[in-house]
Amino acid sequence: MRHRVKRNHLGKASDQRKALLRSLVTALFMHDQIQTTQVRAKVMTPLVHKIVTWAKRGDLNSIRQIARVIYHRRTGEMIEDKTGRMIEETVLRRILRTVGPRFTSRAGGYTRLVATPPRKGDAAPMAIIEFVS
């Protein structure tokens, strides 16, 4: 039996839902906070926590797991690599260089949901999801 295994489908087909969550998670790691509907924020929170846990681990398999989930996007910043060259920072590099080490001493609860006023067009409940500092 499949009791209590249902997840929130967000009113979308599975491919659309996965793409939406991937783009939301990528945007969160890119900007450290985003505004979205409360339901979407609640659905994406466990995925964000998994990615942060993988980033804390930092081994090759964890890096591959993160790369499988997020979109490959450039953040627009330049960073220095191990050899001293300036390279463009990607979301994956940002996760491994800043987010993983930032939460090494924290055992969980990496994000915070802050309720905001409803959206004007359809009165959907909105929230800001951000990383805890």
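The expected span of a helix is 1.5 Å times one less than its number of residues. Helices here are DSSP runs of H or I with at least four residues, strands are runs of E with at least two, and both are numbered from the N terminus. For the 20 residues of α2, that rule gives 28 Å, and the end C-alpha atoms lie 29 Å apart, so the two agree.

This is a predicted model, where local features need pLDDT of at least 70, side-chain atom pairs count only at pLDDT 80 or more, and totals for chains, interfaces and linings use all residues. Residues are numbered from 1 along each chain as its sequence is written, and side-chain values use heavy atoms, leaving out hydrogens and water.

Have a look at Thr-45: α2 has a kink of about 35 degrees there, shortly before Pro-46. The bend is the angle between axes fitted to the seven residues ending at a residue and the seven starting there.

## The nonpolar core

The largest nonpolar core has 27 residues; such a core joins buried Ala, Val, Leu, Ile, Met, Phe, Trp, Tyr and Cys residues through side-chain atoms within 4.5 Å. Buried means under 20% relative accessible area (1.4 Å probe, protein chains only). Among the members touching the most others are Phe-29, Ile-51 and Ile-95. α1 gives the most to this core, with eight residues.

Ile-51 touches Val-25, Phe-29, Ile-66, Val-69, Ile-70 and Ile-95, leaving aside residues up to four places away in sequence; contact means heavy atoms within 4.5 Å.

Note on methods: Buried means under 20% relative accessible area, exposed over 50%, partly exposed in between (1.4 Å probe, protein chains only).
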